[in-house]
Amino acid sequence: MNLTKEELNDIIQGCAKRKRKSQQEFFKYFYGKMKAICKRYARDGDEAEDIVQEGFIKVFENLYRYEVTGSIEGWVRRIFVNTAIDHYRKNKNKFNLEDEGNIKDDSYDEEPEDSTYGNIKSDDILEAMEELSPAYKTVFNLYAIENFTHQEIAEILDINIGTSKSNYAKAKAKMKTILQARFNIA
């Protein structure tokens with residue numbers, strides 16, 4: 001669904017006035033992209049759908065606050081990422097966001113990127129992410145995809161920086177193992 005800037009602005013104004021048709025058009029326009037974000041944080045499709053629904057409720061409740069000067073997609077995306085984070089905060093005991101090895105060392109260095117993985121598509125990476133534990137998946141998403149710092153992740157998830165770094169390093173290693181197995185990379 002392609003919309004001009006004017007059409008999208010009309011839909012946004014209709015949503016702010018709680019017009020049902022505008023909300024349906026807004027939902028259709030953003031659903032696919034926002035579902036993809038939620039799938040990255042969720043354990044399964046049902047949980048992703050719950051986060052999507054909660055995210056759209058928040059968007060429609062707060063759309064009157066959107067300032068037309070910024071990107072609506074960026075604004076909506078931020079709400080969905082925050083909704084996914086809130087979901088994990090509420091279920092923290094269930095998901096156990098602490099590092100499984102309970103290592104508090106913050107000396108994990110970033111490895112240089114390996115060109116061996118250059119031909120792997122983003123869909124392949126997203127599929128591999130499904131195999132990560134919730135703790136690893138959440139930190140991997142926030143750091144590698146959403147570009148949060150380990151300090152920010154620690155504050156968001158109420159864990160220490162070392163745990164964030166450790167979970168990211170372990171998630172990255174697990175992703176490497178998964179992708180090597182899938183693509184027969186030595």
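Modeller: A residue is called buried when its relative accessible area is under 20%, and exposed when that area is over 50%. Please keep in mind throughout that this is a predicted model.

Colleague: Is Q23 buried or exposed?

Modeller: Q23 lies in helix 2, and, leaving out residues up to four places away in sequence, Q23 touches C15, R18 and F60. The relative accessibility of Q23 is 12%, and the cut-off for burial is under 20%. Q23 therefore counts as buried.

Colleague: What is the secondary structure of the protein chain, and which pattern does it follow along the sequence?

Modeller: The protein chain comes to 9 helices and 0 strands. Of its 186 residues, 40% are buried, and among contacts with a separation of 6 or more, 72% join residues 24 or more positions apart. Read along the sequence, the pattern is α-α-α-α-α-α-α-α-α.

Colleague: Which residues is I72 in contact with, leaving aside its neighbours within four places in sequence?

Modeller: With neighbours within four places in sequence left aside, the residues in contact with I72 are L8, I12, F26, F30, L63 and Y66.

Colleague: How do helix 2 and helix 4 pack, and what is the handedness of their crossing?

Modeller: Helix 2 and helix 4 pack at an angle of about 40 degrees, with their axes 10 Å apart, which makes helix 2 oblique to helix 4. The contact of these two helices has 12 nonpolar, no polar and 4 charged residues. Among the residues that meet are F26, F30 and K33 in helix 2 and I72, E73 and V76 in helix 4. The crossing of helix 2 and helix 4 is right-handed.

Colleague: Which residues of helix 9 meet helix 6?

Modeller: Helix 6 and helix 9 pack at an angle of about 120 degrees, with their axes 10 Å apart, and they are therefore oblique to each other. Helix 6 passes helix 9 in a right-handed crossing. By class, the contact of helix 6 with helix 9 has 7 nonpolar, no polar and 3 charged residues. On the side of helix 6 the residues are D124, I125, E127, A128 and M129, and those they meet in helix 9 are M175, I178, L179, R182 and F183.

Colleague: Where does N147 lie, and is N147 buried or exposed?

Modeller: N147 has a phi near 65 degrees, a positive value in a residue other than glycine. N147 lies in the loop between helix 7 and helix 8. Because its relative accessible area is 62%, N147 is exposed.

Colleague: What is the relative accessible area of D158?

Modeller: D158 is found in the loop between helix 8 and helix 9, and has a positive phi of about 60 degrees although it is not a glycine. D158 is exposed, with a relative accessible area of 61%.

Key. Residues are numbered from 1 along each chain as its sequence is written. This is a predicted model: local features need pLDDT of at least 70, side-chain atom pairs count only at pLDDT 80 or more; totals for chains, interfaces and linings use all residues. Side-chain values use heavy atoms; hydrogens and water are left out. Contact means heavy atoms within 4.5 Å. Axes are lines fitted to C-alpha atoms, for helices over the stretch in contact, and angles run from 0 to 180 degrees between N-to-C directions. Helices (H or I, at least four residues) and strands (E, at least two) are DSSP runs, numbered from the N terminus. Angles under 35 degrees count as roughly parallel, over 145 as roughly antiparallel, 65 to 115 as roughly perpendicular and the rest as oblique. A crossing is left-handed if the near helix is turned anticlockwise from the far one by less than a right angle, and right-handed if clockwise. Ala, Val, Leu, Ile, Met, Phe, Trp, Tyr, Cys and Pro count as nonpolar, Asp, Glu, Lys and Arg as charged, and the others, Gly among them, as polar. Buried means under 20% relative accessible area, exposed over 50%, partly exposed in between (1.4 Å probe, protein chains only).
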